[in-house]
Amino acid sequence: MSEQRFDALVQQLETQRIDRRTFLVRAVALGASVPAIGAALLRTQPVGAQVATPAAGGPATAAEIGMPGIEHLTTTDKGTIKLYSSWPLTGASEKIGGDSAEAVRLCLEDRGNAAGGFALEYEALDDGIAANNGGWDAGKESENANRVVNDPDAMVYIATYNSGASKISIPILNAAEPPMPMITPQATYPGLTKDTPSNAEGEPEIYYPSGTRNFFRVVPADDIQGPAAANWAFSTLGATKAYVLHDNQLYGAGVATLFRDTFQSLGGEVVGFEPFDPEAPEYQALMTKVADAGPDLVYLGAIVNLNASKLLQDMRALMGPEEVTFLGPDGLVNQDFIEGAGDAAEGAYITFAGVPANTLSTGAGQDYYTRMSERLGEEPDAYATYAYEAAAVVLQAIDVAQAKDRTAILNALAATEGFQGLLGEWSFSDTYDTTATTMSLNVVKDGAITFQEEIAPPAS
Amino acid sequence: MDFNAALFTQYLIIGIASGALIALIALGYTLVYGIVELINFAHGEVFMMGALFATTVVATVGVTNDSSGVAIVFMAIAALLASMLFSGLLNAGIDRVAYRRLRNAPKLAPLIAAIGISFILQNIAIYWKGSNPITPPSLIPTEYVRYNVLTEWFGLETRIRLRVLDLAVLGVTIPLLIGLTWFVYKTRTGKAMRATAQDRDAAALMGIDVNRTIAYAFLIGGALAGAAGMIAVYYNNSARFQMGFRYGLFAFTAAVLGGIGNLAGSVIGALCIGIVWSMSDGFMSQYIEGWGAGWTPAVIFAVLVLVMIFRPTGLLGEQTVDKV
Amino acid sequence: MAASLAASQRIDVRQDRRDARSKTLWIGGGALLMALYPFLDNALGINRLGSFMAIFVLVILAMGLNIVVGYAGLLDLGYAAFFAIGAYTNAFLTSPTSYFVRNDYIPEFLRHFWPALILSFFTAALFGVLLGAPTLRLRGDYLAIVTLGFGEIVPTFFLNATTITGGTLGINPISAPPAIPFFGGDLRFGASDQRNWYWLMLAVGLLSVFLINRLYDSRLGRSWQAVREDEVAAASMGINLVRTKLLAFGLGASFSGFAGSIYAAAFQYVHPDQFRFSVSIMILAMVILGGLGNIYGVIFGGLLIASFDRILVEVLRDPVQSFGRTFNIPFLENHDLSQDRFLVFGLALVLMMLLRPGGLIPNARRRAEMEPESEEIAAAESESLYDARREQEALAGERA
């Protein structure tokens, strides 16, 4: 009987219903012999090199996601297109980067590793180095960008995680002839595409030397999130005194600055605005100071792997949830943040672009969430959702262009309109940002992120 | 702005408690440096491994919220001893495998080996506990986490908070410090250590087993780091593979600040750093416009540089001459 | 007797010349190979030039640190601070978005790559001297910790002094060198002209090798070695200790500033996080691993360590997996080597030190110290003055 199940497993592997790792785990669990597993693995090629076969009766999601009326081609007679992503994959970023790469793989498998008549190959590049504790490195990012530009098979660059890294790679891809499309699931610094008050001088034009825009964002930039959070805090919650902390990184400082500006312009008082040291082991003294300032809300512009959970813990040791509300951006939407903070996370408010996947009860989002969780064996990182979305929109652009041509694919991407994504329907704006500006406000309840209401920036 | 005495005292308490924690790590640094003149970059990682081990011990044996007070105290002490033993053996083991073979190598070779070992230990920690911060299994009953000793025990009406945890840090550090001083100044092995530190060759001629004495120094230094690790886990209520870096750097700075090789100096240096840290994080912004916690690392190291310029041997260090 | 000595000396001279010639041949050959590499990189689709750019900068840094640590024997744990100072000097001077340029504090003629490069060199040297003057009298490890402190202060300053530095926004873009006419065409230096950057950096690297070699053989270079070996003896031979040490510290710092300036221009972006403590440690590891005091050793060590992190791990990943596939070792087959980066790197450092504590290519003088050429020298070195005197007395006794 176990042999029958093993055969079924082998068949699943051959038709790419499951990947090699899953196959291995399940086969070992069945107690199959090592030579049998090895033989099966040798028979099938690794995913990248294999000529894609359309997933037999593939998952329903592939059909649900995308723009209506565009046919997905699973034939591979036109050749091979290569997709690259670039973000940190090791050290402290292992989970965040790894989940996003896994989401891209899942998206490709859902579509039979093919689009527009081409077989697709995907390679996840790492722009981190050990010397930076796994964090991104300018040399590595510059190399990744140039490598992709120089690869004639590469059509789209799915990158980067850090906005600072985008500052390096956008001009490189932009100066290529013709400019090569780049799409980010994670970099949210507004100045990369838009003219906002928090920009440095000359942004965003300095990133586009050729004059053509080539940088797309499926994730809403921080100029939506910060103001929307401030609007909710002031108008709905009724907070009047806010203390704003940030991790002194591009993302954290940027979203915190925009929160502060909007909160003040609405009439609220910001009693403190300062960076914290993400490498410090604890923040008791800082939190004593915050408590002394007597805020009714603390806004934290930070991401989970920069000690945000520790900060929340130390805050809650001094200020209970009934006295002071905690509010943070989507960099904190991660189970690790909640686990890291323990009881202190209870009642914390976190904004998120769209709705966190685990709170979706129906449709493509829920399906994605279930399958990703199964695949990883744990809760996926929030940004992985955008990685899946980015891959989906890229594949569709290839389906539209039906050509191995960077300009055609760039134009197809720019023309994306009414895209049915995991988090709702959206298009690309004239700055190539997502038009999905609906933010959700979520609250941590019983150790899980729970959707509470939709929020929006104040009408200007 | 007016001087706020209550707030100042509060920052002082926080500074002293974190300083005491740093002191335990700094003692290990100073002990090893005094004898082998090695800046043991892996020391912070030994501390971190001790911290992770403590969480494992508590998780394995397990204490629930309704365990009796005696059981909790017993568990805490057992975990403390276990992580001390673990870290001590780890540190001595590293010495045996790596540093001992490099005793006669150029002075910087063991330094690089130490850097290598700190990388290895960090990666092992990632395999062991993952790369994200972990919350330790509960040991201290929840009602004591926010328990203010001053109001509950002494009935004082004050905003100043002195937590059981703050007292616990001091309660572990002070006995260990006294024990260490006794050990170094009164026991045979301690004397052998001091002799080895002064002149290795002369000590060997006097019949001291130099290698064994150095191994003891690593063992004890590691044990102190392990104790610090156990305390840090519960004091901070979190642990992570990177936690050794900043603590290790501060501890090393503390050791130099106080006069490296001098036990009391390390403790004073560590307290200084703890207090400067908490003052810069909290108190200074009242007086300096635009001051933020982001400046803290710069302040700590600026204090260090200034002390070095005006008192080149550290606060309590004696005039020493480079060996010619 | 005298004749045979002269003859052996002649042979020595000839040997030396032959050695020098073969050395030049090696270096020339190596340089030529590296100069031709970009064609190979392009033809084979390796695409590693970006990494090589970063690697070259790190190697130049390692050469500079070698002056401080290897030649003069001063342990510097905050070398990245000068790297940061150089990079930010260039950014302040040339970036249209920098605070100083926007407020017109910088005269027009300074807002270009080459003047900025020279100024970075001197600014870093200035800071080196400012830090060194009060602290160089400290004993070795105290100096190390002061430099470590300085290395932490500088990036923290750049991160927090937001008005001037932009804080975490960093500064970009940064002026690149103007195109260099070359055989009719122009060598341009945009962000994507990596090949030209590669050559520029290679040229700068070779120039540094030449300069540092000349320096090492100069009067100053010899005083550094004398100070390193024995301060008291050096001082009694008339060497000005403070001046000699300061020059080493300042020159080392200026090399770092120089490299920082190029780095900033090549990647068009500076950010405080690029200059943290870990960078200082990495550069120190290159110097010691390669062979303290030997410039070729340092270059080799630098290439090895810098490329390990950026290239080797990725190159080795696939062979390891296919090895696992071939031999049915599931662990290896699905193993991503880049997850073990820290482990492999750490193991490599420890093993190298255990096997070759003097570094991969140790300095000749140091090697002579550690592994005496002949039994005779070894015996002479281990003999103390006391033994010598006793021997003399014994001889005198015999005579009597």
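Visitor: Which residue stands opposite A:N442 in β15(A)?

Guide: A:F451 stands opposite A:N442 there. Strands of a sheet pair through backbone hydrogen bonds, parallel or antiparallel. Here two strands pair if DSSP finds at least two bridges between them. Strand β14 (residues 439-445) and strand β15 (residues 448-455) of chain A run antiparallel and share 7 bridges. Their hairpin has 2 residues between the strands, and A:D446 takes a positive phi near 50 degrees.

Visitor: What kind of model is this, and how are residues and chains labelled?

Guide: This is a predicted model: local features need pLDDT of at least 70, side-chain atom pairs count only at pLDDT 80 or more, and totals for chains, interfaces and linings use all residues. Residues are numbered from 1 along each chain as its sequence is written, while chains are lettered from A and ligands numbered from 1 in the order in which they are written.

Visitor: How many helices and strands are in chain A?

Guide: Helices (H or I, at least four residues) and strands (E, at least two) are DSSP runs, numbered from the N terminus. Chain A has 15 helices and 15 strands. Chain C comes to 18 helices and 2 strands.

Visitor: What share of the residues in chain A is buried?

Guide: Count neighbours. A residue is buried if 20 or more other C-beta atoms lie within 10 Å of its own, exposed if 12 or fewer, and partly exposed in between; C-beta atoms are placed from the backbone. In chain A, 63% of the 460 residues are buried. In chain C, buried residues make up 47% of 400.

Visitor: Which way do the residues of strand β10 of chain A point?

Guide: In a regular strand, side chains alternate between the two faces of the sheet. In β10 (residues 325-328) of chain A, A:T325 and A:L327 point one way, A:F326 and A:G328 the other, and all are buried. Strand β9 (residues 297-301) of chain A runs parallel to β10(A), with 3 bridges. A:Y299 stands opposite A:L327.

Visitor: What is the hand of the crossover from β9(A) through α11(A) to β10(A)?

Guide: A crossover is right-handed if, with the strands pointing away from the viewer, the path from the first strand over the helix to the second runs clockwise. This β-α-β crossover is right-handed. β10(A), α12(A) and β11(A) also make a right-handed β-α-β unit.

Visitor: How many residues of α9(A) are buried?

Guide: 12 of its 16 residues are buried. Among the elements that cover them are α7, α8 (222-237) and β7 (241-246) of chain A. For length, the expected span is 1.5 Å times one less than the number of residues. α9(A) reaches 22 Å from its first C-alpha to its last, close to the 22 Å expected. A:G267 follows α9(A) and has a positive phi, near 115 degrees.

Visitor: How many residues of chain A are in contact with chain C?

Guide: 38 residues of chain A are in contact with 42 residues of chain C. α6(A) gives the largest share of chain A's side, 9 residues. Ala, Val, Leu, Ile, Met, Phe, Trp, Tyr, Cys and Pro count as nonpolar, Asp, Glu, Lys and Arg as charged, and the others, Gly among them, as polar. This side has 18 nonpolar, 12 polar and 8 charged residues.

Visitor: How many residues of chain A are in contact with chain B?

Guide: 28 residues of chain A are in contact with 27 residues of chain B. α10(A) supplies the largest share of chain A's side, 6 residues. By class, that side has 8 nonpolar, 9 polar and 11 charged residues.

How values were computed
Two residues are in contact if their C-beta atoms, placed from the backbone, lie within 7 Å.
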